[in-house]
Amino acid sequence: MISLVITPEKEAFDLPVSLPKSYIGKQVHCLFYIEEEAKNVSTSVLPPKKTADFFGTLGYEECEKFEKHIKQIHGEWERNIME
């Protein structure tokens, strides 16, 4: 990725750009924005996820392994680590 910050002095100007050889023949995206505008843009356009959105994503075996691991971790919380 190449990042370049410029301050244009007029509406029309030439922007000389040197690209790495690996960019040749590929689509290269150019994005122009004002920093103040970018600060006002929300970083997420998707609504926040709810727990219910993940229902059914784990199989039965994965769920059992996960629950066993959680019980093991919980047991370590109650362990006296100062002994």
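# A chat about a predicted chain

Visitor: Is lysine 71 buried or exposed?
Guide: Lysine 71 counts as exposed because its relative accessibility is 57%. The cut-offs are under 20% relative accessible area for buried and over 50% for exposed, with partly exposed in between (1.4 Å probe, protein chains only).

Visitor: Before we go on, what kind of model is this?
Guide: It is a predicted model, where local features need pLDDT of at least 70 and side-chain atom pairs count only at pLDDT 80 or more, while totals for chains, interfaces and linings use all residues. Residues are numbered from 1 along each chain as its sequence is written, and side-chain values use heavy atoms, with hydrogens and water left out.

Visitor: Thanks! Which side chain does lysine 71 meet?
Guide: Glutamate 67, in a salt bridge of 3.8 Å, N to O. The term stands for a side-chain nitrogen of Lys or Arg within 4 Å of a carboxyl oxygen of Asp or Glu. Side chains of opposite charge can pair when their charged atoms come close.

Visitor: How many salt bridges does the whole structure have?
Guide: The search finds 1.

Visitor: What about the charges overall?
Guide: There are 10 positive and 14 negative side chains, and the centres of the two sets are 6 Å apart. Lys and Arg count as positive, Asp and Glu as negative, and His and the chain ends are left out. Each charge is placed at NZ of Lys, CZ of Arg, CG of Asp or CD of Glu.

Visitor: Changing topic: how many helices and strands are there?
Guide: The chain has 2 helices and 0 strands. Its radius of gyration is 26 Å, well over the 12 Å from the globule rule for 83 residues, so the chain is more spread out than a compact globule. That radius is taken over C-alpha atoms, and the rule is 2.2 Å times the number of residues to the power 0.38. Helices (H or I, at least four residues) and strands (E, at least two) are DSSP runs, numbered from the N terminus.

Visitor: What box do the C-alpha atoms fill?
Guide: Roughly 70 × 35 × 30 Å along the principal axes. Of the 83 residues, 0% count as buried.

Visitor: Which residues make up the nonpolar surface patch?
Guide: Among them are Ile2, Phe13, Leu15, Val28 and Phe32, and the patch has about 940 Å² of accessible area together. Patches take residues with over 30% relative accessible area and no salt bridge, joining like charges within 9 Å and nonpolar side chains (Val, Leu, Ile, Met, Phe, Trp, Tyr) within 5 Å. Areas come from the Shrake-Rupley method with a 1.4 Å probe; for residues, only the protein chains shown count as cover.

Visitor: Where is leucine 15?
Guide: In the segment before helix 1 (35-39). Leucine 15 is partly exposed, at 36% relative accessibility.

Visitor: And tyrosine 23, where is that found?
Guide: Also in the segment before helix 1. The C-alpha atoms of tyrosine 23 and phenylalanine 13 are separated by 23 Å, with the two residues 10 apart along the chain.
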